[in-house]
Amino acid sequence: MALINFLKPKNQLEEGGRTSAPIHEDAGEPEKNCPNCHKDIPLSRLWANDLVCACGYHFRMKARQRIKLIADKDSFMELFSSVKSENPLNFPGYKDKAETARVASSEEEAVITGVAEIGKQKCCLFVMESYFMMGSMGSAVGEKIILLFEYALKHRLPVVGFTVSGGARMQEGLLSLMQMAKTSASVKRHSDSGLLYIAVLTDPTTGGVTASFAMEADIILAEPGATVGFAGRRVIEQTTKKSLPKEFQTSEFVLEHGFIDKIVSRQNQKKMISLLLKMHNGG
Amino acid sequence: MSEKAYDRVKLARESTRPTGLDYIKNIFRSFIEFHGDRRYADDSAIVGGIAELNSNPVTVIAIEKGHTAKERQVRNFGAPHPEGYRKALRLMKQAEKFGRPIICFIDTSGAYCGVGAEERGQGQAIAENLMEMSTLCVPIISILIGEGGSGGALALGVADRVWMLQNSVYSVISPEGCASILWKDSAKADVAAQSLRLTAEDAKSLGVIERILSEKDLGKKEFYLRIRKLLSDELSVLSQDLDLVSKRYDRFRKIGATATVKE
């Protein structure tokens with residue numbers, strides 16, 4: 001449920017990375033500091049490397065960029081892009097927050113849905129957008145996911161989905177909560193007809209999305225180091241009054257506990273997904 | 001106005017309210033409790049088993065909070081672990097096998113937030129219940145009797161009919177949690193409670209529940225008799241229905257509010 005540090009710029013000085021301004025060898029080239037190895041990486045190199053640091057740290061990625069990375073060139077056709085959320089509860093501040101999110105992400109909602117080819121295998125594809133209210137699930141996200149699974153069922157296509165979410169969107173209250181039941185029912189129908197669903201959990205996948213369609217796939221992959229869990233870390237620390245180890249609720253942690261199939265780095269995802277699709281014969 | 005919704009939250013949390021076991025004992029006969037999820041443990045926050053409703057066997061499942069401090073501790077304050085949800089699902093599958101209707105009583109501030117719960121897949125357990133309940137081919141009625149806290153409540157709430165006690169609440173997040181995330185101030189819980197639209201009347205107007213149950217004579221014989229009658233009447237309607245599963249799908253399918261933007 002928690003929208004953790006949504007859109008809050010990270011103060012690099014607080015992350016223990018450096019105590020003084022870096023000296024740029026070639027002044028002018030913008031850099032980003034890696035929260036894992038604390039090195040500054042020129043943005044051009046980071047982009048050329050699909051936003052993965054040399055140390056293996058996966059930076060968050062915009063949904064459109066991810067589609068470019070995963071789908072075959074020009075194969076993605078967007079569906080249901082006109083579905084967007086309202087403010088059904090007249091929740092204070094929601095309208096402005098959603099508008100800010102639209103500007104920040106250049107998206108209408110926190111998930112993009114459509115059909116694509118991955119390694120020449122046709123499939124339905126959804127990619128959640130962390131820059132839109134941290135991928136929180138309101139009515140529109142639920143509706144788009146369900147429309148996609150219904151479309152996939154009708155056209156007998158597998159579904160590949162990239163999750164990133166802080167959980168259910170509290171500004172839509174109970175209606176957001178019900179999207180968990182609604183999306184799960186559509187995943188079940190798709191599954192019961194023998195069709196494949198592959199989920200790739202990316203940073204962070206938490207709350208109501210973990211407790212619904214993220215954990216319901218036939219094959220669950222995850223990016224290295226992603227936060228994957230149900231309850232928020234802070235909430236658990238407050239409840240149990242214990243501090244938690246760094247690796248708690250990471251991809252590696254859920255793999256060790258038996259809840260995902262495999263951790264796949266960003267560079268290998270396309271190959272892995274196309275192989276999986278091929279081995280299921282597009283089903 | 002803003003105190004009103006939060007007052008309901010406080011009422012819903014009252015330790016003197018009837019708990020799951022009170023409903024089970026007073027509405028049904030010959031309750032036999034079944035234990036364990038057959039995988040890891042028995043979660044005492046969820047009670048389940050079979051019982052008779054007007055001499056018809058039914059499966060009953062309840063989140064139990066307990067009344068006294070000691071009971072509450074034993075029941076983990078009604079905050080289930082993954083084992084609880086897995087036990088519930090096991091009993092629901094059993095109900096389906098033997099063609100028994102399922103009745104769930106929901107009362108939780110939420111699924112437990114703890115290290116063990118995360119290690120054993122709290123999210124996965126809830127997700128599996130949501131998925132499996134959507135296609136169980138026996139009638140399911142879920143009643144919110146106190147707190148309906150988020151996914152931990154919904155995990156027993158994918159039903160053909162969802163009813164709420166007049167002073168129960170159903171919410172995506174606790175008002176305190178919502179206030180502390182949005183406004184960094186849990187003291188604004190009353191504003192959050194109002195904004196979240198979590199009362200029974202709100203849930204009904206949002207199309208999330210079918211019926212609000214009056215709390216007249218709460219905890220008295222007449223109260224339970226009334227609920228027993230409502231349950232058996234509704235079950236006789238539902239058990240005639242040959243199209244339960246697809247109606248359940250449609251029931252949830254239509255919940256939500258979306259607009260269409262021009263492309």
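# Briefing: a predicted two-chain model

A:Q249 is buried, with 26 other C-beta atoms within 10 Å of its own. The cut-off for a buried residue is 20 or more such atoms, so A:Q249 qualifies. This is a predicted model. Chain A has nine helices and ten strands, while chain B has twelve helices and nine strands.

**Backbone spots in chain A**

- A:Q249 sits in the loop between α7 and α8 (251–256) of chain A.
- The phi angle of A:Q249 is near 60°, a positive value in a residue other than glycine.
- A:R156 also has a positive phi, near 50°, and is likewise a residue other than glycine.
- The loop between α4 and β7 of chain A holds A:R156.
- Is A:R156 buried or exposed? A:R156 counts as exposed, because it has 12 C-beta neighbours inside 10 Å and the limit for exposed is 12 or fewer.
- The peptide bond from A:D203 to A:P204 is cis, with omega near -15°.
- A:P204 belongs to strand β8 of chain A.

**Chain A as a whole**

- Of the 283 residues in chain A, 50% are buried.
- Take the contacts in chain A with a separation of 6 or more: 69% of them join residues 24 or more positions apart.
- Chain A is divided into domain 1 (28–59) and domain 2 (61–279).
- The C-alpha centres of domain 1 and domain 2 of chain A lie 24 Å apart.
- Seven residues from domain 1 of chain A and eight residues from domain 2 of chain A make up the contact between them.
- On the side of domain 1 of chain A that touches domain 2, there are four nonpolar residues, two polar and one charged.

**The sheet in chain A**

- Seven strands of chain A form an open sheet in the order β3-β5-β6-β7-β8-β9-β10, with mixed pairing.
- Which strands are at the edges? They are β3 (77–79) and β10 (262–263) of chain A, and each pairs on one side only.
- Strands of a sheet pair through backbone hydrogen bonds, either parallel or antiparallel.
- Inside this sheet, β7 (residues 159–165) and β8 (residues 197–205) of chain A pair in the parallel sense over six bridges.

**Chain B as a whole**

- Chain B has twelve helices and nine strands.
- The radius of gyration of chain B is 18 Å, close to the 18 Å that the globule rule gives for 263 residues, so chain B is as compact as a globular protein of that length.
- Along the principal axes, the C-alpha atoms of chain B fill a box of roughly 55 × 50 × 40 Å.
- In chain B, 55% of the 263 residues count as buried.
- Among contacts in chain B with a separation of 6 or more, 72% link residues 24 or more positions apart.
- Strand β1 (residues 29–34) of chain B has six residues and the number buried is zero, so this strand lies largely in the open.
- β1(B) runs antiparallel to strand β2 (residues 46–53) of chain B, and four bridges join them.
- B:R29 stands opposite B:E52 in β2(B).

**Where the chains meet**

- The contact between the chains takes 52 residues from chain A and 44 residues from chain B.
- Five elements of chain A give two or more residues to the side that touches chain B: β4 (83–85), α4 (139–154), α5, α6 (207–210) and α7 (233–240).
- The largest share, 15 residues, comes from α5(A).
- By class, this side of chain A has 27 nonpolar, 17 polar and eight charged residues.

**The nonpolar core**

- In soluble globular proteins, nonpolar side chains tend to be buried together.
- The largest nonpolar core in this model has 155 residues.
- Which residues have the most contacts inside this core? They are A:L174, A:I198 and B:L130.
- Helix α5 (residues 173–192) of chain A gives the largest share of this core, eight residues.
- Leaving aside neighbours within four places in sequence, A:L174 is in contact with residues of chain B, including B:Y170, B:V172, B:L198 and B:L206.

Terms used. Residues are numbered from 1 along each chain as its sequence is written. Chains are lettered from A and ligands numbered from 1 in the order in which they are written. This is a predicted model: local features need pLDDT of at least 70, side-chain atom pairs count only at pLDDT 80 or more; totals for chains, interfaces and linings use all residues. A nonpolar core is a set of buried Ala, Val, Leu, Ile, Met, Phe, Trp, Tyr and Cys residues joined through C-beta atoms within 7 Å. Two residues are in contact if their C-beta atoms, placed from the backbone, lie within 7 Å. Ala, Val, Leu, Ile, Met, Phe, Trp, Tyr, Cys and Pro count as nonpolar, Asp, Glu, Lys and Arg as charged, and the others, Gly among them, as polar. The radius of gyration is taken over C-alpha atoms; the globule rule is 2.2 Å times the number of residues to the power 0.38. Two strands pair if DSSP finds at least two bridges between them. Domain bounds come from an automatic or database domain assignment.
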